[in-house]
Amino acid sequence: MTERGALRGRLDQIWREIAKFGAVGAVGTLVNFGVFNLVRHTTDLQVVRASVVATVVAIAFNYVGFRYFTYRDRDKSGRTKELTLFLLFSSVGLVIENGVLYAATYWFGWDGRLQANFFKFLGMGIATLFRFWSYRTWVFKALPAREAVAHAESFLEKEPLRGKPESLRGEPDERPVARRTG
């Protein structure tokens, strides 16, 4: 594969990852806003507390989406460590997201319904950049290339080659191949 082809393949892979991350994130955003507005309008919780409740619900939803959709091909060993790191980085994202809402509400007095939703959205955007970087870097690690190849080859070893001559089932034929010239 050429250097250009390898770069293109890598960029395609990153764009697919971003698209999957965005799809899970978009649904998580709907969950977050839905819970936020539901809690806000049906309880007496303050704005930031309602937002924290909504963010926690969205974090639970997003873990399932990221683990089984976005990063399903990533290393699955050490789920306890993965979940711990996910919760750690999600908590940092929660602080970023709700810190923006807190600043807008309590420092600047922007606490109307539209303003609360706008600043929650702004905080979510900033936190999303942090989460994408941290999840792909530390939480949902890519399998090392050797392990990925070994994993893929294990499927080939499990399936017998039916209807093939014996010479194709075992070791490759080591007879020299005649080369054409000219």
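**Exercise 1.** Find how helices α1 and α4 pack, giving the angle and the distance between their axes.

*Solution.* Helix α1 (residues 3-42) packs with helix α4 (residues 113-139) at an angle of about 145°, and their axes are 10 Å apart. Helices here are DSSP runs (H or I, at least four residues), numbered from the N terminus. Axes are lines fitted to C-alpha atoms over the stretch in contact, and angles run from 0 to 180 degrees between N-to-C directions. The contact (heavy atoms within 4.5 Å) involves residues of α1 including I14, F21 and F36, and residues of α4 including F121, M124 and Y135. By type, the residues of this contact divide into 10 nonpolar, 6 polar and 7 charged. Nonpolar covers Ala, Val, Leu, Ile, Met, Phe, Trp, Tyr, Cys and Pro; charged covers Asp, Glu, Lys and Arg; the others, Gly among them, are polar.

The model is predicted: local features need pLDDT of at least 70, side-chain atom pairs count only at pLDDT 80 or more, and totals for chains, interfaces and linings use all residues. Residues are numbered from 1 along each chain as its sequence is written, and side-chain values use heavy atoms, with hydrogens and water left out.

**Exercise 2.** Find which helices the buried residues of α4 pack against.

*Solution.* Buried means under 20% relative accessible area (1.4 Å probe, protein chains only). The buried residues of α4 include A116, M124, F132 and Y135. The buried residues of α4 pack against α1, α2 and α3 (79-107).

Conventions. Helices (H or I, at least four residues) and strands (E, at least two) are DSSP runs, numbered from the N terminus. Buried means under 20% relative accessible area, exposed over 50%, partly exposed in between (1.4 Å probe, protein chains only).
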